[in-house]
Number of protein chains: 2
Amino acid sequence: MDLKSYLEQARQRVDAALERYLPADTGSGTLLEAMRYSLFAGGKRLRPILCLAGAEAVGGESGPVMFCACALEMIHTYSLVHDDLPAMDDDDLRRGVPTNHTVYGDGMAVLAGDALLTEAMVLLTDPAAYGGLDPVKVLAAARTVMRAAGLQGMVMGQAADLEAENQEPELATVQFIHSLKTGALLTASVVSGGILAGGEPEQVAGLRRYGRRVGLAFQIADDLLDLEGDAQRLGKATGMDATRGKMTYPGVVGPGPARETGWRLVDEAAAIAEALGPGAEPLARLARYIMERTN
Amino acid sequence: MDLKSYLEQARQRVDAALERYLPADTGSGTLLEAMRYSLFAGGKRLRPILCLAGAEAVGGESGPVMFCACALEMIHTYSLVHDDLPAMDDDDLRRGVPTNHTVYGDGMAVLAGDALLTEAMVLLTDPAAYGGLDPVKVLAAARTVMRAAGLQGMVMGQAADLEAENQEPELATVQFIHSLKTGALLTASVVSGGILAGGEPEQVAGLRRYGRRVGLAFQIADDLLDLEGDAQRLGKATGMDATRGKMTYPGVVGPGPARETGWRLVDEAAAIAEALGPGAEPLARLARYIMERTN
């Protein structure tokens, strides 16, 4: 398989579905405009693609889980909008364009984030979207996603990150923050796809082990790109973690050992995916692609 | 029935359930503390009580819908925390105590609100909480709640409110903002209780008509209290709507006609509740209580 064209095709399908689930509607004014501004600002759609690939990995179809994939992207986008706020990371640029609050003001950016998170749940509970899927599995997938997004996941990671700024860097703290802030939702992406597609418990467990490794590797790669990457190609300022005194994995162990750990994690993840069978080939390829980006 | 003791008893049951669903846990640090700070700041628990009473109104038990009642209070609390932010209403005092961001900082208050909204969904999809209820009805109730909270409800109302400040006051705009900002979630409270308790479609439709009237009346009463009420008794500053140039119902039509409209709405709501049968007596009494508060 050609990973690049797989990713590009999946991204286009996700974009088209997001357009269907959150269409432009002049009646709803600035709020909807602000939501769509960030939702369609050119993301890689990694979480949705992991969800679709998770469904395929357990031998299912990706089409029926597209609604969950789109909900994951709405949740990811809301977290970016809120993280960029002056009260948080105070970023002016994201994916090469001005951040939401820079364009719409802080108040509207808070609301746009709130609405994206809420609409994700509206979508996860939409009978027209989940169609013929088992409602118990729909509830389980929604719960998996929301647990990963909240107090035991992403928001907790962001809060720990906020509190850890300018503290003495420690590996355990960095891993704790990363596993919550990024890892939890990435893991939930692949797991929710597997649950909805009817994966057996041991398949879902495999997806969870895959997700944890890919989640941590993704954050390590992101930190490496911030440290060594090219601002123009990334569409955002680099070197910002150091400027802010943020704890990062390469900052604590050094870029060399961080890269080694990242590669070990994605190799393990790829092996776990390969053991799931031929449907998991995209997941296996995707895992290694995460570290290839940093070369 | 004695409404005061009904409300007090229900409030205590809701508080005990909230304590079970979001227990203090020293392991989770500031984020959980900030969430609990606002969740247990002494609210009237009107939305949870409407949910419990909605279940009783269709002839059901209130116990099995308690998880939904608690989710509604988490959503309501999140909206207060975000509304109070400097980027929004910039309030220092709420229910007689300092607002969340005043105590924990703007960034943590954004996150505490985000986490309360997310945990509401974690709760709505918890099999240990929804127990033996029909999963299709659980999904329908969750969707009812989330639609009312998001782009077609509360967040949209808050966005419209933000944009309408210092605009020429118009009755249609005030009603539009109120129906979304307050009415939608109040309506969803009573409707979700009815859905989960197995209400027939015509009973649920009755609850919806009840909720719309009670929702608008509640906002009129709130505006009247801001205009004429006693700051000390209310635990928050009064006269703030005028100071901020906020559009209010009494501000547009005058306090006398506003009070008349409020009473007409709660009388209609009480009549709708009475038609639902003896189980809806608390709803009927509650409707009139909303306007009695303003006397």
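**View 1. The buried residues of helix α1(A) in the predicted model.** In this predicted model, the residues of α1(A) that are buried are A10(A), V14(A), L18(A) and Y21(A). Because they cover an arc of only 75° around the axis, these residues lie on the same side of α1(A). As a general point, an α-helix has 3.6 residues a turn, so residues three or four places apart point the same way. The partners against which the buried residues of α1(A) pack are α2 (29-39), α3 (46-57), α4 (66-83) and α6 (106-124) of chain A.

**View 2. The other side and the length of α1(A).** On the other side of α1(A), the exposed residues include K4(A), E8(A), Q12(A) and R20(A). The helix runs over residues 3-21 of chain A, and its 19 residues reach 26 Å from the first C-alpha to the last, which is close to the 27 Å expected at 1.5 Å a residue.

**View 3. The side of chain B that touches chain A.** Here 39 residues of chain B are in contact with 39 residues of chain A. Two or more residues come from each of α2 (29-39), α6 (106-124), α8 (135-149) and α9 (154-164) of chain B, and α6(B) gives the most, with twelve residues. By residue type, this side of chain B divides into 24 nonpolar, eight polar and seven charged residues.

**View 4. The axis that relates the two chains.**

Key:
Residues are numbered from 1 along each chain as its sequence is written. Chains are lettered from A and ligands numbered from 1 in the order in which they are written. This is a predicted model: local features need pLDDT of at least 70, side-chain atom pairs count only at pLDDT 80 or more; totals for chains, interfaces and linings use all residues. Two residues are in contact if their C-beta atoms, placed from the backbone, lie within 7 Å. Helices (H or I, at least four residues) and strands (E, at least two) are DSSP runs, numbered from the N terminus. Ala, Val, Leu, Ile, Met, Phe, Trp, Tyr, Cys and Pro count as nonpolar, Asp, Glu, Lys and Arg as charged, and the others, Gly among them, as polar. The expected span of a helix is 1.5 Å times one less than its number of residues. A residue is buried if 20 or more other C-beta atoms lie within 10 Å of its own, exposed if 12 or fewer, and partly exposed in between; C-beta atoms are placed from the backbone. The arc is that of the directions from the helix axis to the C-beta atoms.
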